[in-house]
Amino acid sequence: MKRKRTRKSKHRKRTLLYIAIAAVVIAVVITSIIAFQALQKPQQSEGIPVYLGSEKIGYISSKYVAELDSKVSNAIKTNASIDTYKDLYYTLANAEVGSGIQAGYAFSVPHIVVVSNYTIKAVVIGEITSKTFWNNITSSAQCIIMFGLTTCPHCHNMYEFFNKYYKNMTTFIWLDAKQ
């Protein structure tokens, strides 16, 4: 009889060990899934919306809005130099990074700023030539500022698009050109 108890005792210990290992593995998997999902969500739910093409990928935090709006207002009202606009571009890109937007997107071109009443209404990164999208996003816009590079084919496509449909309200800033 002692033998049977020993076998049962060893079997119980193994079973409990397997259950404990399974519980730890399940807990690690669940924690990993929750952490991954949290990283995928935009970090801000208010501020200036940022689009990659037509998809909203996040927001510029409200803590950057006053500085950005001041720079935009100054640039528009004073018919600013290229250096003032370049400063705006780099301030904008750094604010995007500070708000959780990937640097690869934040410092890319074309980079389009939609302005209404001297405040930034939205930022659009990349090439999107949907008139419906732009009509919706510019419905109350005062102007559009597009930052681009002379060597970028997407920037040239957007330049042509804006010249065709929004010529009177678009300012083009070629970051690599001597203007």
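This is a predicted model: local features need pLDDT of at least 70, side-chain atom pairs count only at pLDDT 80 or more; totals for chains, interfaces and linings use all residues.
**Start with the whole chain**

Show everything as a cartoon. The protein has 179 residues, and 37% of them count as buried.

**Stop 1: helix H1**

Select residues 2-40, which make up helix H1; isoleucine 21 sits in it. Zoom in on isoleucine 21. This residue counts as partly exposed because its relative accessibility is 47%, between the 20% and 50% limits.

**Stop 2: aspartate 69 in helix H2**

Move to residues 62-77. This is helix H2, and aspartate 69 is part of it. Is aspartate 69 buried or exposed? Aspartate 69 is buried, and it has no salt bridge. Lysine 77 is the nearest side chain of opposite charge, and it is 11 Å away. A salt bridge would need the nitrogen within 4 Å of a carboxyl oxygen.

What does the side chain of aspartate 69 reach? Look for the backbone nitrogen of isoleucine 120, at 2.9 Å. Then show the surroundings. Beyond the neighbours within four places in sequence, aspartate 69 is in contact with Tyr118, Thr119 and Ile120.

**Stop 3: the salt bridge**

Side chains of opposite charge can pair when their charged atoms come close. How many salt bridges does a search of the whole structure find? The search finds one. Select aspartate 87 and lysine 71 to see the pair, whose closest N and O atoms are 2.4 Å apart. Aspartate 87 is in helix H3 (residues 82-98) and lysine 71 is in helix H2, so the bridge ties together parts that are 16 residues apart in sequence. Aspartate 87 is partly exposed, at 38% relative accessible area. Lysine 71 is partly exposed too, at 23%.

**Stop 4: backbone details**

Select asparagine 79, in the loop between H2 and H3. Its phi is near 50°, a positive value in a residue other than glycine. Asparagine 79 has a relative accessible area of 68%, so it is exposed, the limit being over 50%.

Go on to proline 110. The loop around it runs between helix H4 (103-106) and strand E3 (111-116). The peptide bond from valine 109 to proline 110 is cis, with omega near -5°.

Continue to asparagine 117, in the loop between E3 and strand E4 (119-125). Asparagine 117 is not a glycine, yet its phi is positive, at about 50°. With 63% relative accessibility, asparagine 117 counts as exposed.

**Stop 5: histidine 156 in helix H6**

Select residues 153-165 for helix H6, and pick out histidine 156 within it. Histidine 156 is partly exposed, with 32% relative accessible area. Which residues does histidine 156 touch, not counting those up to four places away in sequence? Highlight Leu149, Thr150, Thr151 and Trp174. Histidine 156 and glutamate 127 are 29 residues apart in sequence, and their C-alpha atoms are 9.5 Å apart in space.

**Last stop: threonine 171 in strand E6**

Select residues 170-174. This is strand E6, where threonine 171 is found. Threonine 171 is partly exposed, at 30% relative accessible area. Leaving aside neighbours within four places in sequence, threonine 171 is in contact with Tyr85, Ile144, Ile145 and Met146. Draw a distance line to methionine 146.

Terms used
Residues are numbered from 1 along each chain as its sequence is written. Side-chain values use heavy atoms; hydrogens and water are left out. Helices (H or I, at least four residues) and strands (E, at least two) are DSSP runs, numbered from the N terminus. Buried means under 20% relative accessible area, exposed over 50%, partly exposed in between (1.4 Å probe, protein chains only). Lys and Arg count as positive and Asp and Glu as negative; His and the chain ends are not counted. A polar contact is a pair of N or O atoms within 3.5 Å; within protein, one must be able to donate a hydrogen and the other to accept it, and residues adjacent in sequence count only if both atoms are side-chain atoms. Contact means heavy atoms within 4.5 Å.
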